[in-house]
Amino acid sequence: MNNSSFIDLSQLRVGMFVHLDVGWMRHPFPVSSFRIASLDQIDTLRGLGLERVRYAPEKSAPPPEAEAEKQPEQEAQAETKTDIAAAPESAALANAFPVAWSSAPLEMPLKRRLAAQQRCLISSDQRFLSAVDQYRSLAQVARKDVARARTVSQALVSDCVDDLQSNGESVIRLLSEGVGEGNAMHPINVMVLCLLLGKAQGLTAPELQELGLAALLHDLGKLQLPAQVAQPSPSRAGGERIGYEDHVGASVALAQSMELSSTVLIAIAQHHEMADGSGFPLGLLGEDLSPAGRILALVNHYDGLCNPVNHADSLTPHEALSVLFSRLKKHFDPATLNAFIRMMGVYPPGSVVQLVNGLYALVVSVNSARPLRPKVIVHDPDVSQANAHLLDLESLPELGIRRSLKPSQLPRAALDYLSPRQRICYFFERAVELPRHEGSL
């Protein structure tokens with residue numbers, strides 16, 4: 001750190017920007033350079049057994065004494081070690097701390113933070129797998145027991161809508177490698193992203209329910225097609241091309257047999273239509289597409305770019321968004337496309353990136369309200385893969401993303417460590433309650 005000096009730990013105060021000259025496994029903070037955000041962090045620093053630490057005065061916030069004089073209650077709250085975010089401090093002091101206080105506290109011991117992030121990942125994986133099982137169940141009975149298929153479909157979507165609505169801000173979570181294998185991956189993935197995008201565009205719960213049903217069932221008609229015809233292929237022509245396109249009508253017919261609403265049927269019928277008229281089966285133009293149809297067509301295409309039949313043709317999520325925006329923009333409704341890009345962020349979950357400090361990382365989750373500051377898993381050769389650090393860039397204003405990379409651009413060690421997903425699957429991330437103090441379990 002430039003212009004840094006050493007300071008005794010007894011002189012630490014909230015607002016100081018410090019640097020720890022020890023390895024990451026010797027302290028519980030996600031980075032070694034940061035601005036002290038709470039008295040609890042000071043207690044943690046003093047418990048590391050260090051005699052002094054480096055700090056940078058030019059990066060530190062001004063002493064809060066003047067603010068305390070203006071607002072005496074701040075001192076009382078500090079005495080009880082209340083989080084800084086809870087104190088009614090002035091806007092000037094708040095601006096000096098551009099940190100998301102609602103995110104996981106940096107003072108949490110490393111093992112507990114790792115356990116919390118693992119619980120969050122396991123929860124998302126399990127909920128995705130449960131949705132996959134339910135889809136397989138409805139697919140098996142779709143033609144023989146339409147009442148059962150309808151019940152399973154509505155229950156699955158309703159659970160997801162309730163979950164999404166109760167979570168407040170939407171967080172998109174990348175799932176573990178291998179969780180999404182199988183034919184059920186695509187409809188669940190498309191349903192999840194459609195619901196997230198619908199919520200971002202302000203749809204009501206009933207509207208989300210209909211959108212989710214259309215997304216879940218949009219490819220159900222493929223079950224009636226031979227395996228060699230059921231998957232899209234640019235080289236397919238003639239009778240095979242017509243056979244493939246017939247899955248749209250077959251999906252609509254199955255949804256109709258379940259007595260679903262016209263909104264659901266229309267969205268399913270339009271999931272391959274394009275705003276410029278280049279889609280199928282009717283070649284509709286943008287003004288002819290329903291709101292749900294516009295969302296479903298876009299998300300369906302995005303998932304196809306990330307998860308094509310041939311893995312060799314797959315794009316990273318960052319590349320897929322770039323293609324949609326730069327080369328395929330005319331195919332989609334502009335407002336829907338812009339909302340999708342805002343929601344997914346410049347670096348969607350699954351993107352491989354390099355941070356400004358040179359480290360390589362994998363984006364694992366994005367808060368749709370703050371898409372430029374995702375959570376990333378960082379490659380650190382001094383930390384085992386099982387204990388890889390999860391950094392919340394929202395909480396680390398000094399640490400950002402320099403660029404996006406293809407997996408092939410990673411050094412071999414970073415590639416093996418981060419293991420970029422061949423198949424990209426998402427689910428809503430549930431907030432994991434993290435204890436703020438060592439004694440609260």
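Leaving aside its neighbours within four places in sequence, Tyr302 contacts Leu193, Pro317, Ala320, Leu321, Leu324, Phe340, Met344, Pro348 and Tyr426 in the predicted model, where contact denotes heavy atoms within 4.5 Å. Tyr302 is also, with Leu324 and Phe340, among the residues that have the most contacts inside the largest nonpolar core, a set of 84 residues. Apart from it lies another core of 14 residues, including Leu12, Val22, Ile36 and Tyr55.

The model is predicted: local features require pLDDT of at least 70 and side-chain atom pairs pLDDT 80 or more, whereas totals for chains, interfaces and linings use all residues. Residues are numbered from 1 along each chain as its sequence is written, and side-chain values use heavy atoms, with hydrogens and water left out.

The protein contains 15 helices and 11 strands, assigned as DSSP runs numbered from the N terminus (helices: H or I, at least four residues; strands: E, at least two). Of its 441 residues, 53% are buried. Among contacts with a separation of 6 or more, 69% are accounted for by residues 24 or more positions apart.

An open sheet is formed by four strands in the order β1-β4-β2-β3, with antiparallel pairing; strands are taken to pair if DSSP finds at least two bridges between them. Because β1 (5–8) and β3 (33–35) stand at the edges with a single partner strand each, one side of each is left without a neighbour in the sheet. Direction ignored, neighbouring strands of this sheet are turned by 40° against each other on average, the axes being lines fitted to C-alpha atoms. Within the sheet, β2 (residues 17–19) and β4 (residues 52–55) pair in the antiparallel sense over two bridges, and His19 has Arg54 in β4 as its bridge partner.

Further antiparallel pairing involves β8 (residues 375–378), which is joined to β7 (residues 360–367) by four bridges. Leu362 stands opposite Ile377 of β8. Four bridges also join β8 to β9 (residues 389–392), again in antiparallel orientation, with Val378 opposite His389 in β9.

Methods. A nonpolar core is a set of buried Ala, Val, Leu, Ile, Met, Phe, Trp, Tyr and Cys residues joined through side-chain atoms within 4.5 Å. Buried means under 20% relative accessible area, exposed over 50%, partly exposed in between (1.4 Å probe, protein chains only). Axes are lines fitted to C-alpha atoms, for helices over the stretch in contact, and angles run from 0 to 180 degrees between N-to-C directions.
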